[in-house]
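Please view the sequence and the model below before reading on.

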Amino acid sequence: MTASVTRINPAALGEPPGYSQIVEVQGGRTIYIAGQTALDAHGELVGRDDFAELARQVFRNLAIALQAVGCTAAHLVKLTVFVRDMANLQAYRAARNEFFATVTPAAAPAVTLIEVSKLYGPDFLIEIEAIAAI
């Protein structure tokens, strides 16, 4: 059974930039992906002190996790994004848009973006956990 995914943006909630207000999933499989950071396959940080590169690596890792379960960015229904500084919002959005441009139609999961004081490692500036449905 394949999941049926419906993305809904009620006019009364306004049109969100790059995400959906509501994502409804019926049937299929649900995949939960742990928070992804900017570590490469060798455990080395990619992009130290460069938020844009850190964010791109996080999305590369998210793509690897999705691929491991037969999914793509199109299957994402929810992201929770943790950033250390909201001043990096534009760089996050650029990396996000680049990532979602890899699938057609472009995916628009529900997103929660949270500024936090710390993440797992002192050099981590962004971490993303995800839920996919297939």
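## Helix α2

Helix α2 (residues 89–100) contains twelve residues and reaches 16 Å from its first C-alpha to its last, close to the 16 Å expected at 1.5 Å a residue. That expected span is 1.5 Å times one less than the number of residues. Helices (H or I, at least four residues) and strands (E, at least two) are DSSP runs, numbered from the N terminus.

The buried residues of α2 are Tyr92, Ala95, Arg96, Phe99 and Phe100. They cover an arc of only 130° around the axis, which puts them on the same side of α2; the arc is that of the directions from the helix axis to the C-beta atoms. Buried means under 20% relative accessible area, exposed over 50%, and partly exposed in between (1.4 Å probe, protein chains only). Among the elements that cover these residues are α1, β4 (76–83), β5 (110–115) and β6 (126–133), where contact means heavy atoms within 4.5 Å.

## The sheet

Four strands form an open sheet in the order β3-β6-β4-β5, with mixed pairing. Strands pair if DSSP finds at least two bridges between them. β3 (30–36) and β5 stand at the edges, each with a single partner strand, so one side of each lacks a neighbour in the sheet.

## Basis of the model

The model is predicted: local features need pLDDT of at least 70, side-chain atom pairs count only at pLDDT 80 or more, and totals for chains, interfaces and linings use all residues. Residues are numbered from 1 along each chain as its sequence is written, and side-chain values use heavy atoms, with hydrogens and water left out.
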